[in-house]
Structures are given as C-alpha cells and as structure tokens.
Amino acid sequence: MRIGFHGADRTVTGSCHLVECAGLRVLVDCGLAQGSRETEERNREAFGFDAGEVDFVLLTHAHLDHCGRLPLLAKRGFRGEIVATSATRELARVVMLDAAHLQEEEVRRNLRHLPRRRSQKPEAAFEAEPLYTVLDTLNCLDRFGRVAAYGQAIELVPGVRVTFFDAGHILGSASLFLELQEHGRRQTLVFSGDLGNRGRPLLRAPVVPPHAQIAVMETTYGDRLHKPIAPSIEELFAAISGAFERGGNVVIPTFALERAQEVLWCLRQGHEQGRLPALMQVFLDSPMAISATQIFEHHPECFEPNVARQFGAGKDPFALPGLHFTRDATDSIAINRFRSGAVILAGAGMCNGGRVRHHLRQNLWRESCAIIFVGYAARGTLARRIIDGAKSVHIFEEEVRVRASIHTINGFSAHADRDELLDWHRQVRPERTFLVHGEEDVMQAFAPLLRDTRIEMPEFGQNCEI
Ligand SMILES: [Zn+2]
Ligand SMILES: [Zn+2]
C-alpha cells in the first residue's frame, strides 16, 4: 500500500493524492493549481500517474483547487467512477463548466490580441489551447457514479471502503475515512479534505471521522487563530456604512461557493435589523454564485438547524430587497452606472480572473469606495497584492492606483484555524500524519504543536509506503 502526493504539497492549491492498495488506484481529489501564471502553468504538466489506470476518484468538495483537473483527467483517459456527495456533485458541475468556459474565453482573447502582443513581446508564450473544453467537462460529468451520504460506508471493491463525514467547509464538503486491506493487512486512513470552522451562519460544525492509523490533513491556517464571526459581521457593516457615508461603493471579491451565500445572509440580517441602509443596492455579479445559490436551496439537509428551519418554513434566507442577480454581461456592465450606494459581490475571490476585475478598475482608485476581502488570497494573486498594501496594481494592462479603503475580514473564513485543526488531530489520534494544503512556513509552525504522531511534509511527486 502507498500514497502518492501529486498536488497541494507544501502549497495550498491543486489537491491530488493517489492511494494504491491491492492493485486498486484511488485518487482523492484532482484540483487545479491556482496563483501566479507560473503556478497555473503546472496544470498542463503530466499528473505523475497514468490517468487511464485510476479506478476511483473520491471528491472531498467542489472547490476548484480540489475538482478543477477532473475534466483533464477524463480527457487523458480516466474511465473509472467519481464518488461524491449529492451537493458536491451539483456544485462541481457548475464549477468545472465555468472553469472550462473561462479557459476557452481566455484562449480566444489571446488569439485575438496575438499579432499586437507578439509585436510588443515576441518572446512571450500564449496558450493556444485551453487546458480542457466544455465538451471535455461534459464527458467528465459522465464519470460521476455513486452518491455518498454522510456517515454511510461505500464499498469500492471487496476489502476497500470509504465513508464521507461532513467537513463543514462548504455545502456538501467531506472528510474521508478509508478502510483498506491488502494480503490480510488492514489499514485505516483519514483525509481531512478542507475543514470548516465551527459557529458558521449556514453550515453545521465539522464531524470528526473515527480514529485512523494515518491522517492526511490540511494546514491552510495552521499558524493563526480566526476572529469569531460576530465581530467580523460588525466590521463588515461598519466598512459598508463608512463607504456609503463617503459617497462610494463597496466591492467584495467573493468566492462563489459558500462565501457569497454567507455574505448575502449577513446583509439580509443587517438589513432586517436596520443596521444597513434601507436603499442599499446589492449585486450578486457572478453567474456561478447565482447558480450556487440556487443549488444551496436544493440541500437543506446540509444546513445548520436554524437555517434549515427557515427553509422548512418556506422562507428564503438569501432574499433581500434591492438584491439583483446579474447573470448577463450587459447587466454586469450596467452596474458601472452606480457611483455610490452599491454593494457588488463578484468573483473571483482571489481576483485572478472574473468580473471583479472590472469592478476593481471602476472603484479601486476612488477614495470614497471600500474593497472588502473576506476569503483566502494565495501568493501571486491580485487580491494578495492589494491586501499586502500595493500602491498601484495592473488590471487589464492598465495601472490602477489603490486609493479605496482596503479591509480584510478573516472571521468569514471557510477553514478551521490552528486550534480547530489541533483539536481535530487530537480526536483522530493518527500514528502517522502527512501535512498537505498549506504554505511551507505555516506547516513548519504547525508541525511542532502535534503530539504523539510521526509527521511528514511530502514533496510534490513523492510516494510513501504505508
Ligand atoms: Zn475548499
Ligand atoms: Zn482547498
């Protein structure tokens, strides 16, 4: 038996781990590397294993850094079965189709501007082919097979079972408990997936899987503690009110899954309690976030009991007066008419693409406006440069000065913090722990805090006997 590490090793994005046991190959996640152009180039390289020989993919959740290379896996010959929860399956469909569409668009744009760019920078390389197309993604969707229900074991083949546990990270997210058998030897493994934090407005707290001999755990925030959510909501309201008083807009770069819905839920609360202006206009300017919000409404079984009750009583927890869903590009462009009093939620959360870049170009240089970051920003992304205090940034080949007030509110994080990760590890009590999905300095700070376990921080492409 062995595990191969093929992504999110000493870095956060691109999760991909291969478990081999008794001739069976089980892949846990197949995510996209995200960040700088250099990082994203890595997605085109070989996986480090033969896609055609993978029997199963167990998908922990629908974030792009976990499911974003699945269409590529299918394109390169994967013919096995993908197992995921029902909500993950629905969300992953939207996420992967969106990614394919964006890649096709980017290639089209590059080809259009190629003659001009070549004359300016002849040495620069421009991708002439998307990583995968919408058609590749549709083929990949055919590979989704059994649907996992939380807490119920699924037998992949005799002797190999997997159980999904609610990871409380995004809708449908799971930690995996794997039971393996080879030549009469039994081995148990837990993959944390991405772990959520407790006390979130919409989701239940993570459920810790049973004790396992080996844990592969995420360490995104292994070096810090989150502020509780209540003061974060206060901060959000204060930042919005401040910008409106100055006569400006608010731009919230938003991850389409979970964060967008959580922020909407908070805005609705603020509106109901009279804490936010009655005439506030809210734009959910992301087709993917709009689809995700609709998918949320199909899955009350995943919700925190109080929110599930609201759904049960026929109340839409996201309904808010002055809320506009702008799916079409023309409606999105029309938002530019609002010089004040608008809250614009747009993707991508790390500003490395998507409509939010247009809204930043419109609002970032205006002192009266506020930009509020409520999620993780990987190194090398536009969001990270703004958060780190850049005086000006490049957007669509234009120099834009940063004059708006910049807020980073970390209580909305969808990830467990240091103490929650430690608590999770104490309960799983693994003899051996592989740290993944974290920046290297964070892992180095986190590792000494773990007790009674052998710790490893695998390198990209490393295989370990288990
Ligand atoms: Zn995630
Ligand atoms: Zn992740």
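Aspartate 194 is buried, at a relative accessible area of 1% (buried: under 20% relative accessible area, with a 1.4 Å probe and protein chains only). The model is predicted, and local features need pLDDT of at least 70, while side-chain atom pairs count only at pLDDT 80 or more. Residues are numbered from 1 along each chain, and side-chain values use heavy atoms, without hydrogens or water.

Aspartate 194 bridges two zinc ions, ligand 2 and ligand 1, which lie 3.4 Å apart. This residue sits in the loop between β10 (185-191) and β11 (214-218). Histidine 437 lies 243 residues away, in the loop between β20 (432-436) and α14 (440-446). Helices (H or I, at least four residues) and strands (E, at least two) are DSSP runs. Histidine 437 is also buried, at 2% relative accessibility.

The zinc ion (ligand 2) is coordinated by Asp65 (OD), His66 (NE2), Asp194 (OD) and His437 (NE2), at 2.2 to 2.3 Å. Donors are N, O and S atoms within 2.8 Å of the metal (3.2 Å for Na, K and Ca). Water is not among the atoms, so sites may look incomplete.

The largest nonpolar core has 78 residues. Such a core joins buried Ala, Val, Leu, Ile, Met, Phe, Trp, Tyr and Cys residues through side-chain atoms within 4.5 Å. Leu70, Leu73, Leu236, Leu267 and Val343 touch the most other members. Another core, of 29 residues, lies apart from it and includes Met1 and Ile466.

Technical notes. Chains lettered and ligands numbered in written order. Buried < 20%, exposed > 50% of the residue type's maximum accessible area, 1.4 Å probe, protein only.
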